[in-house]
Amino acid sequence: MELLVTRDAATAERSHWLLLHCVAVFAFLYLPIAILVLYSFNGEGVGGFPPHRLTLDWYRTLFADEPIWDSVLNSLEVALAAMAISLAFGVPAALALDRAQFPGKALFRRLVLLPLILPGIITGLSLLMLFNVAGMKLSLLTIALGHGTALISVATTEVFAGLQKLDRAQEEASLDLGANYWQTFWRITVPNLKLPIIGAALLIFTLSLDEIAVSFFLIGRDNTLPLEIWGRLRRGITPEINAVSTVIFGFSLIAIVLWYRLRMRGEGATDAGIEIVEVAEGGQA
Amino acid sequence: MFSRGYKAAVTLPPVLWVALFLFTPYVLMFCYSFWSVSPAQTIVHSWDLNNYKDLLRVDVYWQTLLRSMWIAARVTIFSLLLAYPMAYFLSFQAGKRKDLLYQLVVIPLWVSYLVRAYAWKTILGSDGVLNTLLQYVHLTRHPLEFLLYSPFAVVLTLTHIYTPFAFLPIYAALEHIPRNLVEASHDLGATPAQTFWRVILPLSIPGVLAGATFAFVLSLGDFLAPLLLGGPSGIMISNIVVSLFGAAYNWPLGAAISLCMLVLVVGLIFGSERLGKKWSFS
């Protein structure tokens, strides 16, 4: 069908410009990251053209940098806890949105999804006030609660999308054959939602590792990795920060491609990721 | 087929959690915005409108809000200009490479905000990659100082960060356009330009609105890029809020500004949704 559009001479002419535009936008999106990676090997600081004296020294410095590794451990703890919270509440939330009718359902859906499109500062500050009123000391726990709560939205949208494709007959059969709801949930519902759940977990983990705006307000004594980097940026920069950024980029890349592959197996189409936007915009759920 | 017990079991825990950690905090923000700070630096729980009066009276607050909106508006326009043609190309002309290209646009969406903002800092600085490159090829003799610590740097960086956000819903909208409508338009003798302006563009408006909302809302509330790259002239409204919650210690006033932002943002989301529904044909 698309052939009809491209075969047209005038369109073909225009598509050269479109192609050029695409190349330019991709350059705009990727060039800064490429430069960042390149200068992590630069012996002479983070700027300066052309790069001089390529070296692995900054990676050596990085691997010997204890505060960074402490913050990495903190970040991993936070991300695991956030993942547990988001899944523990996000999966039932998706089931509730799909299967139950209750008063305030529309408001509930909006509230769950709001952090996805809300600037981090609002989520962070409102939680800061909650913890303050509750007399909770700020720590890694408050960050994990913040991330976990904000990322329920991701778990819910991913699982909700999976539920739309689920064949209810299996669950029905299981119930008819005498399994109770609990057994049906663990033996039929969850295995069928395996891909969306793993995908959501991966995404939540990555997003939590990278998160900075919410953490900024909920930070106690211990830094997460992005906040440790943030602190250093304000004191002056060395290519060591390029090196750690490169490592972060590498890990994000692996996680995202993995997530995407999972989604492709689940969907077999380019829909992956679109649901999140659509559901967040209130279009579908 | 699902019993009441099942429905209660999946509904209650998330509803309670959301009530505690998402609803209560917004209510608290609302309450705080009417309170005040005593000279002894404690929160006074007396209810009045003084914070909101301050917002209107003190020029710097609403001027900064306006400037932030102007920055966000520029980011939105540039993101749309970059994202729309790309989404169009991917949806209609990319053929077999569609999946790969789509993946390439989506990857930066999930890659660390901080990493990308930092990358621009190393590029735009006076000893940065761009300035030294320009001098290396003898285009300029001195570093261009306006590149970093300016609204320009903030707009550029935020455009870089939010272009994929704008792209996604536009692409989704284009993908949902039934291709036989496009064919019908061709068959009935419309030129490609007419087909674009009268069929494709109108049908993609809901996606454009959604993308614009994302870009505008997220960049309006940004405070990290201005801190990192904005300099004094690139300060945005969230930076004022941050300082009110930090060194300036006036949580109630900060809460009032945040609440205004929240209302503005939620209003925009609702508005664009309504408008989008009007434009969608299904």
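Modeller: Helices are DSSP runs of H or I with at least four residues, strands are runs of E with at least two, and both are numbered from the N terminus. By that rule, A:Ile188 lies in helix H9 (residues 181–192) of chain A. This is a predicted model, in which local features need pLDDT of at least 70 and side-chain atom pairs count only at pLDDT 80 or more, whereas totals for chains, interfaces and linings use all residues. Residues are numbered from 1 along each chain as its sequence is written, and chains are lettered from A and ligands numbered from 1 in the order in which they are written.

Biologist: How do you know what confidence the predictor has in chain A and chain B?

Modeller: The predictor's confidence in each residue is the pLDDT, which runs from 0 to 100. Chain B has a mean of 90, with 99% of its residues at 70 or more. Chain A averages 86, and 88% of its residues score at least 70. Over residues 1–7 of chain A the pLDDT is below 50, and this stretch has 13 contacts in the model beyond near neighbours in sequence. For the model, ipTM is 0.91 and pTM is 0.90.

Biologist: What makes A:Ile188 count as buried?

Modeller: A residue is buried if 20 or more other C-beta atoms, placed from the backbone, lie within 10 Å of its own, exposed if 12 or fewer do, and partly exposed in between. A:Ile188 has 20 C-beta neighbours inside 10 Å, so the residue is classed as buried. In chain A, 49% of the 285 residues fall in the buried class.

Biologist: Which residues does A:Ile188 touch beyond four places in sequence?

Modeller: Contact requires the C-beta atoms of two residues, placed from the backbone, to lie within 7 Å. A:Ile188 touches A:Gln170, A:Glu171 and A:Ser174 on that basis. For A:Ala173, 15 residues from A:Ile188 in sequence, the C-alpha to C-alpha separation is 9.9 Å.

Biologist: Why is A:Phe205 called buried?

Modeller: A:Phe205 has 20 other C-beta atoms within 10 Å, and therefore counts as buried. A:Phe205 belongs to helix H10 (residues 194–210) of chain A. Outside four places in sequence, A:Phe205 is in contact with A:Ala79 and A:Met83. A:Met83 is 122 residues away along the chain, yet the two C-alpha atoms are separated by 5.9 Å.

Biologist: What makes the span of helix H6 (residues 120–133) of chain A close to the expected one?

Modeller: The expected span is 1.5 Å times one less than the number of residues. H6(A) has 14 residues and reaches 20 Å from its first C-alpha to its last, close to the expected 20 Å. After H6(A) comes A:Gly135, with a positive phi near 70 degrees.

Biologist: Why is H6(A) described as largely enclosed by the rest of the structure?

Modeller: The description holds because 11 of the 14 residues of H6(A) are buried. Among them are A:Ile121, A:Leu125 and A:Leu128. These buried residues pack against elements of both chains, including helix H7 (140–164) of chain A and helix H12 (251–279) of chain B.
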